Amino acid sequence: MAVEVEPDELDRHLASLGAVWVALSPRAERPLYEELPPPPWVLVVGAERGLPRDVERRCDLALRIPMAEPVESLNTAVACALALFELRRQRGSLPDGPRS
């Protein structure tokens, strides 16, 4: 189900939950694998070149996915998948070993 919500209304609701807004940005200084504040998080992901600066400024924290040269950006779905994996890893909620 999809519901259209005004950004300010969403912002107020998530703030009432204590959510930390985490932006993925190639401009961020802090790498994705550094320890994050406790959840809940709102993961904000933009297009392949990153978020618009005004959206990024609205976030509490900006993280970048470290990449080797000459890669400058990732597909949005790939970046989101990596970030969600890392958020789960940091919470300690990944299985301990390979599945049979």
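Mentor: Residues are numbered from 1 along each chain as its sequence is written, and side-chain values use heavy atoms, with hydrogens and water left out. Since this is a predicted model, local features need pLDDT of at least 70 and side-chain atom pairs count only at pLDDT 80 or more, while totals for chains, interfaces and linings use all residues.

Trainee: What is the confidence in the protein chain, and which elements have the lowest and highest mean values?

Mentor: The pLDDT, which is the predictor's confidence in each residue on a scale from 0 to 100, averages 83 over the protein chain, and 89% of the residues score at least 70. Among the elements, helix 1 has the lowest mean, 85, and strand 2 (residues 30–31) has the highest, 94.

Trainee: How many helices and strands are there, and in what order do they run?

Mentor: The protein chain has 3 helices and 4 strands, where helices (H or I, at least four residues) and strands (E, at least two) are DSSP runs numbered from the N terminus. From that terminus on, the order is α-β-β-β-α-β-α.

Trainee: Why is Glu56 called buried?

Mentor: Buried means under 20% relative accessible area, exposed means over 50%, and partly exposed lies in between (1.4 Å probe, protein chains only). Glu56, which lies in helix 2 (residues 53–58), has a relative accessible area of 15%, and is therefore buried.

Trainee: What makes the pairing of Glu56 and Arg27 a polar contact?

Mentor: A polar contact is a pair of N or O atoms within 3.5 Å; within protein, one must be able to donate a hydrogen and the other to accept it, and residues adjacent in sequence count only if both atoms are side-chain atoms. The side chains of Glu56 and Arg27 are joined by such a contact at 2.7 Å. Not counting residues up to four places away in sequence, Glu56 touches Ala23, Ser25, Arg27, Leu51 and Ala62, contact here meaning heavy atoms within 4.5 Å.

Trainee: Which residues of helix 3 are buried, and why are they placed on the same side?

Mentor: The buried residues of helix 3 are Ala79, Ala83, Glu86 and Leu87. They cover an arc of only 100 degrees around the axis, so they lie on the same side of helix 3; the arc is that of the directions from the helix axis to the C-beta atoms. These buried residues pack against strand 1 and strand 3 (41–44).

Trainee: Why are Pro40 and Gly18 called partly exposed?

Mentor: Pro40 has 36% relative accessibility, so it counts as partly exposed, and Gly18, at 42%, therefore counts as partly exposed too. Pro40 lies in the loop between strand 2 and strand 3, while Gly18 lies in the loop between helix 1 (7–16) and strand 1 (20–24). Leaving aside neighbours within four places in sequence, Pro40 is in contact with Leu17, Gly18, Ala19 and Val20.
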